[in-house]
Amino acid sequence: MDLTFFSSILFATVVAGTPLIIVALGELITEKAGVLNLGAEGIMSVGAVAAFAVTHATHSPMLGIVAGMLAGMAMSLLFGISALTLMANQVASGLALSIFGVGLAAFIGKPYESVALESVPPMVIPVLSRIPVLGPALFQQQGLVYFSWALIAAVAWFLYRSKAGLILRAVGESPVSAHSIGYGVVKIRYQAVLFGGAMAGIGGAFLSVFYTPMWVEGMVAGRGWIAIALVVFATWRPMRVMVGAYLFGGCMITQMFVQGSGVKLDIPAQFLSSLPYLATIVVLVAISRNRSTIRLNSPASLGQSFLPDA
Amino acid sequence: MAMRKLVLTLVGGAVLFAAPTKIGFVYVSPVGDAGWTFQHDMGRKEMEKALGGQVTTQFVENVPEGADAERVIRELVTSGCKIVFTTSFGYMNPTAKVAAVFPEQEFYHATGYKTAKNLSTYNARFYEGRYLNGVIAGKMTKTHIAGYVAAFPIPEVMMGIDAFTQGMRSVDPTAKVRVIWVNSWFDPGKEREAAMSLISQGADMITHHTDSTAVVQAAEEKHKEKGVWAFSYHSDMSKYGPTAQLSGTTHIWGDYYTRTVKNALAGKQKPAEEIWGGFKEGMIKLAPMNKAVPADVVKMVNKLEAEMKAGKFSPFQGPVLAQDGTVKVAKGATMSDKDINSINYYVQGVDSPAPKQ
């Protein structure tokens, strides 16, 4: 197996994993604040269509990303109003948002289905991109790929090294205690939800503007759900989210390369297609099998509404 | 009101019915801008135009296959539709059920095999177009490898892969066709990745049996760098691959819908009709050929198309060898329609392991 071959698998793996990382990290912050937002699929859809429409109109992918982010935040604000202010059931609100978002995106996106976008040239990093094998795979990527790496570091630092992160975790562990020492639980949860929405919107933008690049109804194709699952299987640890996302992307890409290589393997294609899901779950469960760390990492008040006593 | 209608009818002269006949369509996905349902909707519009004021049509899109479909078909009938077209394989049982309840109405189901007195079926011989796409691919490939992004290993898809391979090998006996199953009818991201991985492994001819335009777009993107060409399916996708699309196989339902409805209105429609039409019946067409296709290839393809129209040639005429070399159809013989319809093996030249049955 030659090196360019390996390089192109690695390249495609990183691309496939990127939207998952961005969306999952947003969801991770949301859940760490004790809020379960199952709306990622819908938010991604709306983010994707908003980003596509703005990129199409302005020819600026950058503005497209901003539009996707704002659209994602607007969608998650809806969730916040329902689940945080009106204290509706979080699971039900999230599911409703998911279904609503997919439908809304299809509605807004109708005129854009016939439109093709120019593909955005990659952002080549000088020097690093000339490293053999790894250079072309890792450092000739879209800007959002580098963003996703920065995001991993930022989220990890925020959660475990900053005071704000500590407060956020406190809100997720025990909103009553956080409230009693004077933190605005609902306000912090709103911020976490908006952050999650923004990231899901950017993840959607990555799909429609950089990845395919096109808009069609249903193009998110379950990636929002995979991102949510990743957070749980990664036991709310940012680094493990990355491992899971690349593992998932890597298995998907590798099985396609195996199928396309003409190598005669006696494995049904259906099994190969399910491999990414299986492998990701097995590996993440295996590295997080310690029950006490799972309990330590999972936000204790996840999914529970909080009513600050007036 | 009645007066006015009568006057209009008299003025119209040729118009036979005072009130237009209502016709319903059931679609499995959103109409969108390209793909299976888009082609059916184009056919619906053509038929409506061709028959002028005699008919009005309505459609319901994105109807899941199964119990929901039965409800939708029933609703179309009770809202006054005299003729209903259901356009996906999974609507077979719901359509048959509703047809049994409403003997006065006529039902037409695409790609199925159940018929009744008021239930007919229709399908197209897409594989004829695939064969010609394969011929073009075989003539133009430099790497002698073609890539095929496929949805599910069912006969409908296998048939296309085999016909494409037969066509390609007829002009390039060393050509190989590699298949990637994405196990989804519609996932642009996955379809694109599959196309990209075929391209990076040497395929310079790419086609697909999935519903989005992602594969053609991927070829367009890699066209300059790797000399990749694409063949579209369902619709002409040259808008998405203006330089890279060489040709494609498109579905044309308009003529069939017009003919069928016309016959039905005149009371001449045969009961339990089973239509399986190809180039001859005008139910498929090649997407316009790219300027890059050499004149002699264009000529060859046109000649083969004419021969298929005249019934003198079939993509599955012998010799047809299975992947391992066993003879499936002897020289001089032609595969029967029944065998084509249930094909579940790769022909020689497909360079991927056969899917498990």
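How many of the residues of β9(B) are buried? All of the points below, including the reply to this question, refer to a predicted model, in which local features need pLDDT of at least 70, side-chain atom pairs count only at pLDDT 80 or more, and totals for chains, interfaces and linings use all residues. Residues are numbered from 1 along each chain as its sequence is written, while chains are lettered from A and ligands numbered from 1 in the order in which they are written.

1. Strand β9 of chain B. In β9(B), 6 of its 6 residues are buried, and the strand is mostly covered. A residue is called buried if 20 or more other C-beta atoms lie within 10 Å of its own, exposed if 12 or fewer, and partly exposed in between, with C-beta atoms placed from the backbone. Helices (H or I, at least four residues) and strands (E, at least two) are DSSP runs, numbered from the N terminus.

2. Neighbours of β9(B). Two strands pair if DSSP finds at least two bridges between them. Strand β8 (residues 205-209) of chain B pairs with β9(B) in the parallel sense, over 3 bridges. Within this part of the chain, B:Met205 has B:Trp229 of β9(B) as its bridge partner. Strand β9, which covers residues 229-234 of chain B, is also joined to β10(B) by 5 bridges, and these two run parallel. Here B:Phe231 has B:Ser247 in β10(B) as its bridge partner.

3. Strand β10 of chain B. For β10 (residues 245-251) of chain B, 7 of the 7 residues are buried, so the strand is largely enclosed by the rest of the structure. Strand β12 (residues 284-286) of chain B pairs with β10(B) in the antiparallel sense over 3 bridges. B:His251 stands opposite B:Ile284 in β12(B).

4. Domains of chain B. The domain assignment gives domain 1 (2-124) and domain 2 (127-250 + 286-341); such bounds come from an automatic or database domain assignment. The C-alpha centres of the two domains of chain B lie 32 Å apart. The contact between them takes 6 residues from domain 1 and 6 residues from domain 2, where two residues are in contact if their C-beta atoms, placed from the backbone, lie within 7 Å. On the side of domain 1 that touches domain 2 there are 3 nonpolar, 3 polar and no charged residues. In this classification Ala, Val, Leu, Ile, Met, Phe, Trp, Tyr, Cys and Pro count as nonpolar, Asp, Glu, Lys and Arg as charged, and the others, Gly among them, as polar.

5. The interface between the chains. In chain B, 34 residues are in contact with 31 residues of chain A. On the chain B side, the elements that give two or more residues are β7 (176-181), α7 (188-200) and α8 (214-226). Of these, α7(B) gives the most, with 9 residues. By class, this side of chain B has 13 nonpolar, 11 polar and 10 charged residues.

6. Chain A as a whole. The secondary structure of chain A comes to 13 helices and 2 strands. Its radius of gyration (taken over C-alpha atoms) is 20 Å, close to the 19 Å that the globule rule (2.2 Å times the number of residues to the power 0.38) gives for 310 residues, so chain A is as compact as a globular protein of that length. The C-alpha trace of chain A spans about 65 × 50 × 40 Å along its principal axes. Buried residues make up 50% of the 310 residues in chain A.

7. The largest nonpolar core. A nonpolar core is a set of buried Ala, Val, Leu, Ile, Met, Phe, Trp, Tyr and Cys residues joined through C-beta atoms within 7 Å. The largest one has 189 residues, of which A:Ala24, A:Ala48 and A:Leu230 touch the most other members. Helix α9 (residues 185-211) of chain A supplies the largest share of this core, 16 residues. Domain 1 and domain 2 of chain B both give residues to this core, so it lies between them. Leaving aside residues up to four places away in sequence, A:Leu230 touches A:Leu20, A:Ala24, A:Val241, A:Gly244 and A:Ala245.

8. Backbone details to inspect. The peptide bond from B:Gly318 to B:Pro319 is cis, with omega near 0°, and B:Pro319 is in the loop between α10 (295-309) and β13 (320-321) of chain B. A:His59 is not a glycine, yet has a positive phi of about 60°; this residue is in the loop between α2 (40-58) and α3 (61-85) of chain A. A:His59 counts as exposed, because 11 C-beta neighbours lie inside 10 Å.
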